[in-house]
Amino acid sequence: MSSVSFRKLEKSYGALRIVKGIDLEIADREFVVLVGPSGCGKSTTLRMLAGLESISDGEIRIGDKVVNRLPPRERDIAMVFQDYALYPHKTVYENMAFSLKVRGVPAADIQPRIAQAAEMLGISQLLDRKPSQLSGGQRQRVAMGRAIVRRPQVFLFDEPLSNLDAKLRGQVRTEIKRLHQAIGTTIIYVTHDQVEAMTLADRIVILKGGEIEQVGTPDEVYNTPASVFVGGFIGSPAMNFAKGTIHGGAVVFDGGSSIPLQSRPAGQAGALEGRDVVVGIRPEHFLPSGEGQPLSGRVQVVEPLGSDTLIHFALGSSTLTARVAPEMRPSPGETLSIGVDPSRIHLFDAATERALV
């Protein structure tokens, strides 16, 4: 078990920079998720840590050891891939045992390691089967078991749930969380799915264009996003954004509606006077009519979800989404009256799209 650190980590292909000077410290036993859109550099970063990609510049440490030039087999890591990477001609037991045999682990130690991992993952009854006889979820458990028996310093997961359907993703996600609680090994997990990131991580690293946009706990990146990008990426449905201007201690939207900045110190609100901003409001932070600061807009689309309802409505030139109680079912074209808590809005600079404190 060990810490991991990236210092000024770079990866370029010719003139194209994929990873741009990443600095990150990951503590021993921490579960860190790298998340971001396709092409942001998250999988490349993981592959450099694993030794499957060379680095262009910078330093990678596992514990106290610089591993830049070490081959993968000497880094004491175990990786779980998106496509399982199981040997089709070997049984589950043989797949899990193979890396141990290659490493020269005594035969007497292999069986109990496999038995323990199989029991932990609920696959003890599958040890004699071959991958073709398993479901996608079972194959992923086998891939996880193969990594567990290695007892590495660090586990690496590269989008391991992408090939599973929605129900299986939820099940295996729970098993990964339980696995970390049971073995306590450092885990670095790559995904493009913000729900996976929020539910699994001790800390989330949000990447954009090869750079770190924000690092924080799930609560921190949800409640205090550092930028429009983070606010829109974390949360489902995504955060709403509307352009406005600070005037007279309130943010005024282009349709004429306004929200007072009551929760901000008077001096701070005054310093923002006349500034163009982007206002962020999460769908779940709207309030019933009569509560909070009133806003009104024309209903465009209503989506009943059973447990709640999503209402899409126009506010000036912007379209916002509100998550409301299931019994609230306005008709398209109606004027919606809805409240918002001024203390729950987020302000971002219109030019830089960075958060305004």
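Glu 59 and Arg 7 join their side chains in a salt bridge, with 3.4 Å from N to O. Glu 59 sits in strand E4 (residues 57–62) and Arg 7 in strand E1 (residues 4–13), so this pair ties together parts that are 52 residues apart in sequence. Keep in mind as you look around that this is a predicted model.

**More about the first pair**

- Arg 7 has a relative accessibility of 36%, so this residue counts as partly exposed.
- Salt bridges with shared partners link Arg 7, Glu 25, Glu 59 and Arg 61 into one network.

**Two further salt bridges to find**

- Why can such pairs form? Side chains of opposite charge can pair when their charged atoms come close.
- Asp 23 and Lys 8 meet through their side chains in a salt bridge, at 3.2 Å from N to O.
- Asp 23 belongs to strand E2 (residues 16–26) and Lys 8 to strand E1, so the pair ties together parts that are 15 residues apart in sequence.
- Are the two partners buried or exposed? Asp 23 is partly exposed, because its relative accessibility is 38%, while Lys 8 counts as exposed at 54%.
- Arg 17 forms a salt bridge with Glu 10, and their closest N and O atoms are 2.8 Å apart.
- In that pair, Arg 17 is partly exposed with a relative accessible area of 42%, whereas Glu 10 is buried, with a value of 16%.
- The cut-off for buried is under 20% relative accessible area, so Glu 10 at 16% falls into that group.

**Charges across the protein**

- How many salt bridges are there? The count comes to 13.
- The protein carries 40 positive and 39 negative side chains.
- The centres of these two sets of charges lie 7 Å apart.

**The whole protein**

- Along the principal axes, the C-alpha atoms fill a box of roughly 75 × 45 × 35 Å.
- Of the 357 residues in the protein, 50% are buried.
- The protein exposes about 16000 Å², and carbon and sulfur atoms supply 49% of that area.
- Among contacts with a separation of 6 or more, 67% are between residues 24 or more positions apart.
- The bridge between Glu 59 and Arg 7 gives you a pair to look for here, with its partners in parts 52 residues apart in sequence.

Definitions and conventions. Residues numbered from 1 in each chain as written. Predicted model: local features only at pLDDT ≥ 70, side-chain atom pairs only at ≥ 80, totals over all residues. Heavy atoms only, no water. Buried < 20%, exposed > 50% of the residue type's maximum accessible area, 1.4 Å probe, protein only. Contact = heavy atoms within 4.5 Å. Areas by Shrake-Rupley, 256 points an atom, 1.4 Å probe, with all protein chains shown as cover. Lys, Arg positive; Asp, Glu negative; His and termini not counted. Charge placed at Lys NZ, Arg CZ, Asp CG, Glu CD. Salt bridge = Lys/Arg side-chain N within 4 Å of Asp/Glu carboxyl O. Helix = DSSP H or I, 4+ residues; strand = E, 2+ residues; numbered from the N terminus.
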